[in-house]
Amino acid sequence: MTGTPIANDMRRLRFERGEMTQQALADACGVTRQTIIALEAGRYAPSLELAFRIARAFGVGIDAVFRWEGE
């Protein structure tokens, strides 16, 4: 398995919210755009705190953004 077993719907959620840019999401969460890129690509799993920040930026619960696809 490459990357992380945590999948996400961040890209879809960004586009559903008026095509929010990666930079706008990064700014809302207090991280860099490169962090958002790595998360969306599945190369990085967020900390619990960051997962909450991302969910809050979208106005949804964590389970609407992230899901476990591991064993």
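**Entry 1: getting started**

I call a stretch a helix when it is a DSSP run (H or I) of at least four residues, and I number helices from the N terminus. I also remind myself that this is a predicted model.

I looked up Arg-12 and Glu-16 and found both in helix H1, four residues apart, or about one turn of the helix. Their side chains meet in a salt bridge, with 2.7 Å from N to O.

Next I went to helix H4, residues 48-58, where Arg-53 and Glu-49 sit four residues apart, about one helical turn. Arg-53 forms a salt bridge with Glu-49, and their closest N and O atoms are 2.5 Å apart. Arg-53 has a relative accessible area of 38%, so I noted it as partly exposed.

**Entry 2: a bridge across the chain**

Which residue does Asp-9 pair with? I found Arg-67, with the closest N and O atoms 3.0 Å apart. This pair links distant parts of the chain, 58 residues apart: Asp-9 is in the loop between strand E1 (6-8) and helix H1 (10-16), while Arg-67 is in strand E2 (residues 66-68).

How many salt bridges did I end up with? The count is seven.

**Entry 3: how H2 meets H3**

I learned that two packed helices are described by the angle and the distance between their axes. For helix H2 (residues 22-29) and helix H3 (residues 33-40), the axes come within 8 Å and cross at roughly 110°. H2 and H3 are therefore roughly perpendicular to each other.

Which residues make the contact? From H2 I listed Gln-22, Gln-23, Leu-25 and Ala-26, and from H3 I listed Arg-33, Ile-36, Ile-37 and Glu-40. I sorted these contact residues into four nonpolar, two polar and two charged.

**Entry 4: the two sides of H2**

I found Gln-22, Leu-25, Ala-26 and Cys-29 to be the buried residues of H2. Seen down the axis of H2, they fall within an arc of 100°, so they line one face of the helix. The face turned away from that buried side carries the exposed residues Asp-27 and Ala-28. The buried residues of H2 pack against H1, H3 and H4. Just after H2, I spotted Gly-30 with a positive phi of about 75°.

**Entry 5: the buried face of H3**

In H3, I found Ile-36, Ala-38 and Leu-39 buried. Looking down the axis of H3, I saw these buried residues fall within an arc of 165°, so they line one face of the helix. What do they pack against? My list is E1, H1, H2 and H4. Just after H3 comes Gly-42, which takes a positive phi of about 75°.

Terms used:
Residues are numbered from 1 along each chain as its sequence is written. This is a predicted model: local features need pLDDT of at least 70, side-chain atom pairs count only at pLDDT 80 or more; totals for chains, interfaces and linings use all residues. Side-chain values use heavy atoms; hydrogens and water are left out. A salt bridge is a side-chain nitrogen of Lys or Arg within 4 Å of a carboxyl oxygen of Asp or Glu. Buried means under 20% relative accessible area, exposed over 50%, partly exposed in between (1.4 Å probe, protein chains only). Axes are lines fitted to C-alpha atoms, for helices over the stretch in contact, and angles run from 0 to 180 degrees between N-to-C directions. Angles under 35 degrees count as roughly parallel, over 145 as roughly antiparallel, 65 to 115 as roughly perpendicular and the rest as oblique. Contact means heavy atoms within 4.5 Å. Ala, Val, Leu, Ile, Met, Phe, Trp, Tyr, Cys and Pro count as nonpolar, Asp, Glu, Lys and Arg as charged, and the others, Gly among them, as polar. The arc is that of the directions from the helix axis to the C-beta atoms.
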